[in-house]
Amino acid sequence: MLTPYQPLPLADFRQPDEAERMRAALASVAGQLGGRYPLRIGGHEVWSAETIVSGNPAHDGQVVGTVAAAGTDHVLAAVDAATRAFEDWSRTDPDARARCLLKAAALLRSRIHEYCAWLVCEVSKTWPEAYAEAAEAVDFMEYYAREMMRLAGAHPVAPYPGEENELRYVPLGVGAVIAPWNFPLAILCGMATAAAVAGNTVVAKPSSSSPVVAARLFALLDEAGFPAGVLNFVPGAGAQVGDVLVSHPGVRFVSFTGSREVGVRIFGMAAEVHPGQRWLKRTVLEMGGKDAIIVDSSADLSSAADGVVASAFGFQGQKCSACSRLIVVEDVHDRVLDAVADRAMGLTVGDPADRETALGAVIDARAKARIDAVIAEGSTAGRLVVSGGSTPAGGAFVPPTVIADVAPDARIAQEEIFGPVLAVLKARDFQHALEIANCTDYGLTGGVYSRDRRHLELARREFHVGNLYFNRKCTGALVGVQPFGGFNMSGTNSKAGGPDYVGLFLQAKSITERF
């Protein structure tokens with residue numbers, strides 16, 4: 001019998017032993033930079049003429065690794081391999097499938113600092129952010145393994161005289177998993193392993209901005225004992241890999257995490273029925289957010305400022321759950337703004353390999369240019385309170401930015417930024433704050449800092465987001481504790497890390513025998 005699921009505790013890098021383990025991992029990974037990584041198709045390592053060169057966002061010119069890039073023929077071969085593997089894998093005992101996941105979780109847990117170091121190098125995560133992501137990947141596998149054990153076998157239905165009736169959950173088939181760069185370990189791991197433990201086979205396309213972490217994850221899953229063809233790894237360009245996967249008549253479902261623009265496009269492509277396709281494709285889509293934290297006059301303002309800064313600037317604001325709007329009732333607006341500004345100005349921007357760094361680089365130079373343009377435009381739509389400051393040369397660094405006096409309909413208050421930029425809006429009262437919070441196309445996360453029970457209960461009913469937090473930050477959902485997924489243009493509310501998630505990759509079969 002397994003122990004009950006519990007999230008993996010986070011590391012405290014103030015402890016000398018823990019800090020030393022991280023330094024040792026960074027030194028080890030530094031000696032492995034520049035390596036080459038193959039595709040994985042049908043249990044075979046496959047090399048290609050085209051490659052993806054992944055660099056360190058905090059160090060211009062430093063190559064993290066070179067990964068083989070799939071073309072259309074590789075994708076078709078991967079779907080064929082997954083189709084062949086599905087016949088046996090779908091019939092494998094669910095507990096045995098779950099044990100593959102438990103083994104993978106144990107392997108990752110034993111190497112967690114090494115994977116943290118790769119996250120530091122490839123996507124510029126600070127030590128705490130990297131550890132939180134690696135721990136989340138472990139949690140996903142531990143949780144989904146137990147979920148499959150729960151869902152296995154016959155499920156009771158209402159009894160009926162003279163018949164035996166049961167309900168069973170069976171896998172769908174071959175799935176496409178298309179993952180983002182901002183959580184290249186946890187999100188890819190969660191999507192791929194949930195689908196696989198349910199008995200499906202997977203063809204996975206990671207982001208071209210973070211393929212090395214993804215390649216190392218798939219090597220670990222192979223080591224954990226997943227049979228050949230169950231998990232296939234085909235990084236590459238969207239048109240050559242993503243579009244082919246989504247449109248392939250042999251693909252039964254598409255699991256995607258990324259931008260609204262790409263998610264909506266996938267939704268439309270998946271709706272088309274192609275020749276030879278015998279099903280309507282299921283889509284599991286997690287898209288963007290324009291998340292808000294509300295602070296009212298009853299709140300602990302110091303705690304609120306801490307939570308807002310952590311939510312807005314953690315991992316450089318490159319989270320779909322990041323707080324990009326702060327909505328404050330007018331009687332405490334100036335005090336909260338000052339407290340947030342003071343904390344933001346105290347954040348250190350630099351190389352995330354340094355334990356003292358609070359913000360690393362954004363993902364690449366193109367992202368930096370885009371965010372800089374948003375700041376320039378936003379400063380004309382509001383009042384620039386915090387911007388600039390000391391940033392090192394030689395990387396894609398953007399300092400924390402706070403813009404006040406923003407109108408609710410301004411672009412900076414409506415469109416996802418995916419950078420360390422916080423728009424501050426003033427509300428007349430709490431009801432007005434809720435109206436502002438709900439006035440975007442998104443509905444992913446939100447937060448309220450208040451000690452007024454009436455306000456909390458009103459927000460519980462009326463704040464329209466998939467993950468709502470009271471008196472804490474609006475990022476950092478824990479697997480099994482806060483199932484994650486949003487409303488409206490934030491996606492299909494799939495609730496990753498919750499009791500409904502594995503079921504998205506299953507279909508129900510009712511069986512009746514009359515005697």
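1. Leaving aside residues up to four places away in sequence, Y144 touches L101, G190, T193, A194, V197, A496, G497, Y501 and V502, a contact being heavy atoms within 4.5 Å. The model is predicted: local features need pLDDT of at least 70 and side-chain atom pairs pLDDT 80 or more, while totals for chains, interfaces and linings use all residues. Residues are numbered from 1 along each chain as its sequence is written, and side-chain values use heavy atoms, without hydrogens or water.

2. Y144 and V295 touch the most other members of the largest nonpolar core, which holds 154 residues. Such a core is a set of buried Ala, Val, Leu, Ile, Met, Phe, Trp, Tyr and Cys residues joined through side-chain atoms within 4.5 Å; buried means under 20% relative accessible area (1.4 Å probe, protein chains only). Helix α5 (residues 127–151) supplies the largest share of this core, 14 residues. Apart from it lies another core of 26 residues, including V203, V244, L245 and M269.

3. Of the 515 residues in the protein, 57% are buried. Among contacts with a separation of 6 or more, 76% join residues 24 or more positions apart.

4. The protein has 15 helices and 21 strands, taken as DSSP runs (helices H or I, at least four residues; strands E, at least two) numbered from the N terminus.

5. Along its principal axes, the C-alpha trace spans about 70 × 60 × 50 Å.

Technical notes
Buried < 20%, exposed > 50% of the residue type's maximum accessible area, 1.4 Å probe, protein only.
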